[in-house]
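Q: I would like to learn how to read a model of this kind. Where do we begin?

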Amino acid sequence: MQSILSASLFVSASGIISLIAGFASSVIVARMLGAEGTGLTALALWVAITGSIIATRGIPAVVLRYIGRQGEMVEARNGFTKFFYKKFIWPVLLVSALFLPYALYTYQSSDLNTALVWAVAGLTSLAYGQGHFVMAADHGLGRYFGAAKKTVAGCFLQVPVTIAGAFFFGPAGAMAGYLARHVPQAFGLRTYLSSGRPEKAEISDQMIRYGQSNWISIILDTLIKTRVEFLFLTFFFTVLQVGYFAAAVTFSSLILQLAMYLAAGLTPGFGRLYDDKATQQLKTSYDRSMRWLSMLLVPISFGGAVIMPLLIPMAFGNDFMPAIPIAVLLVFFSLPQALYSVPLAAMLAFENDRRLVYMNGAAAAALVILNLVFTPFYGGIGAAVIRGVIGVSIFLWLVIHCHKRLGLAIDLSSQIRILISGIACAASAYAIVTAVGGLGGLLLSIPVAAVVYAVFLRLTKSVPASDLQVIESAVEKFAPARFKPLLKPAISLLGTSTPG
């Protein structure tokens, strides 16, 4: 559990910086380009990343899961990486190149600026795919610090490039900011290709099957977790409605991305425990991971939902007021979508990829059918409710499957106590923003709600003593010395690490 925790610490630190940069860029685009410009940029970015994910064919997932099995020999690791990179790169280049003819078509039928948006989207697709491959290799070998540095470098580029680009070139310039975000992550490939021979790599049929199944599952999961609603809103309404939904989904996306960063070390971590047949340790790590992720995300989801009516106009402006009810629903329902990253990681570690394909297939089909039926009548609000229902259904299915088929259970009583604490947190935040209102109410509600949440965690005994011991040990080992005097009292507020 310590290795998984240390991985999460590094990835989460860079992830938080990434979230801040991404949120700042979203606000900049909304303020400088309005709802219509936001809609065009968001749609182009979604198509670019989705296209890249389709082109990668699940190969980064194979690298993440199996590169650690190649042992400590650099030759073996590099041979393994070369083998899969040759299969990886040509479809990514092809898909990225397809954006150019569409940009030329848009230039003929629309205008130069819109054409440039799609041209930059093609470069973004390439940079994202290449970066995804390198990051998978880094994480698979436990090189979380190096991967985190690349992420942070991209974040520092993203904001200034977005500001300058949006100011001088509009949506196309704003897209350049997202391109800059992924460029540093694409570097570092030479480390894995400098030596080693692909024909010497030990490639099993299971790795190939895993990649194929994972590819389909990732595509379907992308439809479920990301912003496929853009397509329906574009078709049935206008890009203006896409802009409202893009602003509303910004905050729920922050929660989902945070969960992704926090859970980044779970698949390789669970995988090593599974390969080593450390059954009891795996069961403990699974339950603990779910509990810790819940403790972090429950107050963000519940509390975030109640402050959306204040936060949306403050962040994006009064022009985005129609996005408020959509944002409330999306943030509230983001919790189950974020939490199912834990059972998902467990199923991947158990190489239970085929079942994920079936589950994601059913969920994606339901998502498309429900959006076709309800989105034309209810617009963004209908799309948000559909996303919430699908997310809850997937979460329940994954948890039940892991319990019945994999023998991995979660402590329900602990989860219920965390939910009670989260409700108290949200209630206190709602009371303050209702009574005070405005920026003052928002600034006051956050620290008060955090204190209420911590107190309720203590009163309900949500955190077992064994968990506190692990947290204290991690703080002692990884936290900078100047922060320890602040962190230790905060941890003690949650309970005592002495059983009984």
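A: Begin with burial. Buried means under 20% relative accessible area, exposed over 50%, and partly exposed in between (1.4 Å probe, protein chains only). Helices (H or I, at least four residues) and strands (E, at least two) are DSSP runs, numbered from the N terminus. This is a predicted model: local features need pLDDT of at least 70, side-chain atom pairs count only at pLDDT 80 or more, and totals for chains, interfaces and linings use all residues. Residues are numbered from 1 along each chain as its sequence is written, and side-chain values use heavy atoms, with hydrogens and water left out.

Q: Which residues of helix 13 are buried?
A: They are Ile324, Ile326, Ala327, Leu330, Val331, Ser334, Leu335, Pro336, Gln337, Ala338 and Leu339.

Q: How many helices and strands does the protein have, and what share of its residues is buried?
A: There are 19 helices and zero strands. Of the 500 residues, 56% count as buried.

Q: How do I check the length of helix 13?
A: The expected span is 1.5 Å times one less than the number of residues. Helix 13 covers residues 324-339, so its 16 residues should span 22 Å. Its end C-alpha atoms are 24 Å apart, which agrees.

Q: Where is the kink in helix 13?
A: The bend at a residue is the angle between axes fitted to the seven residues ending there and the seven starting there. In helix 13 a kink of about 35° lies at phenylalanine 333, shortly before proline 336.

Q: How do helix 11 and helix 12 pack?
A: Axes are lines fitted to C-alpha atoms, for helices over the stretch in contact, and angles run from 0 to 180 degrees between N-to-C directions. Helix 11 (residues 266-275) and helix 12 (residues 279-316) pack at about 160°, with axes 9 Å apart. That makes them roughly antiparallel (over 145 degrees; under 35 is roughly parallel, 65 to 115 roughly perpendicular, the rest oblique). Contact means heavy atoms within 4.5 Å. Leu266, Phe270, Leu273 and Tyr274 of helix 11 meet Gln281, Leu282, Ser285, Tyr286 and Ser289 of helix 12.

Q: How covered is helix 11?
A: Mostly: seven of its ten residues are buried. Among them are Leu266, Phe270 and Leu273. Lysine 277, which follows helix 11, has a positive phi, near 60°.

Q: What is the angle between helix 16 and helix 17?
A: Helix 16 (residues 412-435) and helix 17 (residues 438-459) pack at about 155°, with axes 8 Å apart. They are therefore roughly antiparallel. The residues that meet include Gly422 and Ala429 in helix 16, and Gly441 and Ala449 in helix 17.

Q: Is threonine 106 buried or exposed?
A: Threonine 106 lies in helix 3 (residues 74-109). Its relative accessible area is 6%, so it is buried. Leaving aside residues up to four places away in sequence, threonine 106 touches Asp111, Thr114, Ala115 and Trp118.

Q: Is leucine 100 buried or exposed?
A: Leucine 100 is also placed in helix 3. At 52% relative accessible area, leucine 100 is exposed. Its C-alpha lies 7.0 Å from that of glycine 122, 22 residues apart in sequence.

Q: What does threonine 250 touch?
A: Threonine 250 is in helix 10 (residues 239-262) and counts as buried at 7% relative accessibility. Not counting residues up to four places away in sequence, threonine 250 touches Phe23, Ser26 and Phe316.
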